[in-house]
Amino acid sequence: MRNNHLNILVTGGAGYLGSVIVDRLLDMNCVQKVYVLDNLLYKQQSFLNHFKHFQNSKFEFIYGDVRHSDLLKEYVSKVDIVIPLAAIVGFPACDKDQTLATQINFEQIKDICNFLSGDQLVIYPNTNSGYGVNDSQEFCTEETPLNPISHYGITKCQAEKEILDSSSGLSLRLATVFGCSPRMRLDLLVNDFVYKACTDGYITLFEHKFRRNFIHVSDVAEAFKHFILDYYCYGSQYNAQAFNVGLSSANLNKLELCEKIKESIPSFVIKTSDYCTDPDKRDYIVSNKKLEGIGWSPKHSIEDGINELISVYSGLKNVNTNFTNL
């Protein structure tokens, strides 16, 4: 057991994942202080609740940009663990400005690795979309060669390689995340499809057989907690390793996902079309056995997440909330 408590830096900590992860970190007894560095690109206020920890000096918010290397270096030097969540997320946003995506998704990570010293640890959130396209029925494992098919996937996989090659940390290859967060996102597949079911009542699917794996945002936070506790107790025993993080029961194609939603909203009309193509060509199924083999598994099913989203969307609709601002 380590004698000291942990100090943690979370870049992009006011985002969709960060808002949930930081909340969990602040409740951990082994965590002494959490620094959140974020430029609030979307003018979100999701971090305000964390200031309840300000008086006991457990939380500090830094308004800043991860491209400012001197600022990043200053705060990396203060901590035991870095969780670099700051990113341009998704292939449309990355294709819109590939230079910016490279700077934030890759060069930030390269800087962090250069700034690390001693036994500091990076817990990196990669995307399992790096597996790209797998036409077979074989499961992608951590040994499967990465084959990213978008600039987003390329930058994330390059960053993972930087970390694993430097033995500075480990990578969590996240399945497509779903569920509610203080910084809500409607562009994620489950969140979007449930939203359409609640508001439009129908959906037209292109390339409906394309498959994904899924994971609830709360379970993502718990996966980070698992490795933080392991590091606190045992040190960096998982350095230079990658772990798939997803629901083994939720390797679903788009049509199967919509049929799950229809179980909760029977009036949901689902149509498929071959007249258009989906620019997102990801298609793969994923094995999560490595992570399950060290004693961690998710708690939230895909059905749990669907019903949670239905409840939230219905509640916000009743108070005339503008969904486009979520």
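**A strand pairing and its surroundings**

Arg211 stands opposite Asn253 in β11. That contact point belongs to a pairing between β9 and strand β11 (residues 251–253), which is antiparallel and runs over three bridges. Two strands pair here if DSSP finds at least two bridges between them. Helices (H or I, at least four residues) and strands (E, at least two) are DSSP runs, numbered from the N terminus.

This is a predicted model: local features need pLDDT of at least 70, side-chain atom pairs count only at pLDDT 80 or more, and totals for chains, interfaces and linings use all residues. Residues are numbered from 1 along each chain as its sequence is written, and side-chain values use heavy atoms, with hydrogens and water left out.

β9 has another partner. Strand β7 (residues 176–178) pairs with β9 in the parallel sense, again over three bridges. Here Phe178 stands opposite His216 of β9.

How many of the six residues of strand β9 are buried? Six of the six, across residues 211–216, so the strand is largely enclosed by the rest of the structure. Buried means under 20% relative accessible area, exposed over 50%, and partly exposed in between (1.4 Å probe, protein chains only). Both faces of β9 are covered. Arg211, Asn213 and Ile215 lie on one side, and Arg212, Phe214 and His216 on the other.

**The whole chain**

Now step back. The protein chain has ten helices and twelve strands. Its C-alpha trace spans about 55 × 45 × 40 Å along the principal axes. With 326 residues, a compact globule would have a radius of gyration near 20 Å; this chain has 19 Å, which agrees. That radius is taken over C-alpha atoms, and the globule rule is 2.2 Å times the number of residues to the power 0.38.

Buried residues make up 55% of the 326. Contact means heavy atoms within 4.5 Å. Among contacts between residues at least 6 apart in sequence, 83% join residues at least 24 apart.

**Two loop residues**

Finish in the loops. Lys43 lies in the loop between β2 (31–38) and β3 (59–63). Its phi is near 55 degrees, a positive value in a residue other than glycine. Is Lys43 buried or exposed? At 70% relative accessibility, Lys43 counts as exposed.

Glu207 sits in the loop between β8 (202–206) and β9. Glu207 also has a positive phi, about 50 degrees, although it is not a glycine.
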